Amino acid sequence: MVTLDKIVDKARKEGRTLLTEIEAKEMLKQAGIDVVETRLAANEDEAVSMSREFGFPVVLKIASPDVVHKSDAGGVKLGLKTSNQVAKAYEDIMKSIREKYPKAKIQGASVQKMARPGVEVIIGMSKDAQFGPVIMFGLGGVMVEALKDVAFRVAPLAEQDARDMLDEVRGSAVLGGFRGGPPVDRSSLVQLLLRVSDLVATCSHVGELDLNPVLAYPHGLSVVDARLVLETRP
Ligand code: ADP
Ligand code: MG
């Protein structure tokens with residue numbers, strides 16, 4: 001198993017503070033945070049064989065420490081149902097990234113199962129000069145940029161803080177259910193907020209964290225993307 005320190009050392013040695021999605025998810029996993037299982041395929045053949053092992057449909061994403069917004073760069077292909085689709089997606093992703101980021105160091109593609117649809121939310125952590133670590137909860141997807149509908153609390157969070165954050169967002173009614181379905185599982189979201197708060201309190205390496213999106217379900221949730229920036233201050 002890759003240890004947390006190994007991931008941090010590798011990135012620091014390469015002179016970068018941004019972890020890849022795979023590295024960020026690995027760190028989260030070790031902090032007891034459930035993420036969608038994600039593996040690195042170094043080439044097209046590996047991507048195909050991993051997809052078969054996971055079972056279709058799968059998602060392929062660019063794995064590069066130089067590409068922050070993967071879908072903007074044509075680096076995310078969702079809902080791939082066959083080996084052929086995976087092979088083509090791998091090629092399309094690499095072509096698009098080479099065009100848009102000619103200098104990017106490409107590790108390959110991340111492979112993961114396509115998660116079922118849910119209410120998209122975002123959970124984040126950033127460090128404020130005055131208050132230190134601040135935890136954010138917001139409604140995700142397209143809405144997060146347009147509405148800036150987010151709630152903040154200074155870490156560490158108490159359980160009641162996390163509950164309050166869910167109620168505080170203006171669009172909290174969408175937590176009532178995905179497309180008219182049953183309400184989402186609030187206690188899973190509260191637990192996730194508390195785990196993020198714990199991680200920040202116990203791991204001094206984390207400078208900034210974004211789980212975006214988290215798909216919330218009537219039972220449980222899926223963390224499908226993670227961005228982690230290492231702390232630069234000693
Ligand atoms: P980025 O934020 O870097 O553009 P994401 O990994 O968040 O890339 O992927 C873009 C979008 O694709 C997400 O907002 C989400 O809607 C969808 N998505 C990503 N991974 C999965 C997955 N494993 N299952 C289902 N949908 C996904
Ligand atoms: Mg994302």
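Residues are numbered from 1 along each chain as its sequence is written, and chains are lettered from A and ligands numbered from 1 in the order in which they are written. Because the model is predicted, local features need pLDDT of at least 70 and side-chain atom pairs count only at pLDDT 80 or more, whereas totals for chains, interfaces and linings use all residues; side-chain values use heavy atoms, with hydrogens and water left out.

The magnesium ion (ligand 2) is coordinated at 2.2 Å by N212 (O) and D225 (OD), where donors are N, O and S atoms within 2.8 Å of the metal (3.2 Å for Na, K and Ca) and sites may look incomplete, since water is not among the atoms. N212 belongs to strand 8 (residues 206-216), while D225 lies in the loop between strand 9 (221-223) and strand 10 (226-230), so the pair ties together parts that are 13 residues apart in sequence. Helices (H or I, at least four residues) and strands (E, at least two) are DSSP runs, numbered from the N terminus. N212 is partly exposed, with a relative accessible area of 26%, whereas D225 is buried at 16%; buried means under 20% relative accessible area, exposed over 50% and partly exposed in between (1.4 Å probe, protein chains only).

K70 is found in the loop between strand 2 (58-63) and strand 3 (76-80), and is buried, with a relative accessible area of 11%. L215, found in strand 8, is likewise buried, at 8% relative accessibility. With residues up to four places away in sequence left out, the contacts of L215 include A115, R116, L221 and V224. L215 and G140 are 75 residues apart in sequence, and their C-alpha atoms are 8.9 Å apart in space.

Turning to the helices, helix 1 (residues 4-13) packs against helix 2 (residues 21-30) at an angle of about 155°, with the axes 9 Å apart; axes are lines fitted to C-alpha atoms, for helices over the stretch in contact, and angles run from 0 to 180 degrees between N-to-C directions. Helix 1 and helix 2 are therefore roughly antiparallel to each other, given that angles under 35 degrees count as roughly parallel, over 145 as roughly antiparallel, 65 to 115 as roughly perpendicular and the rest as oblique. The contact involves L4, I7, V8 and K10 of helix 1 together with E23, E26, M27 and Q30 of helix 2.

For helix 3 (residues 44-54) and helix 4 (residues 83-100), the axes come within 9 Å and cross at roughly 140°, which makes helix 3 oblique to helix 4. Here E44, A47, V48, S51 and R52 of helix 3 meet S83, V86, A87, Y90 and E91 of helix 4.

Helix 6 (residues 159-168) and helix 7 (residues 186-202) pack at an angle of about 120°, with their axes 9 Å apart, so that helix 6 is oblique to helix 7. In this pair, E159, A162, R163, M165, L166 and D167 of helix 6 meet R186, L189, V190, L193 and L194 of helix 7.

Definitions and conventions: Contact means heavy atoms within 4.5 Å.
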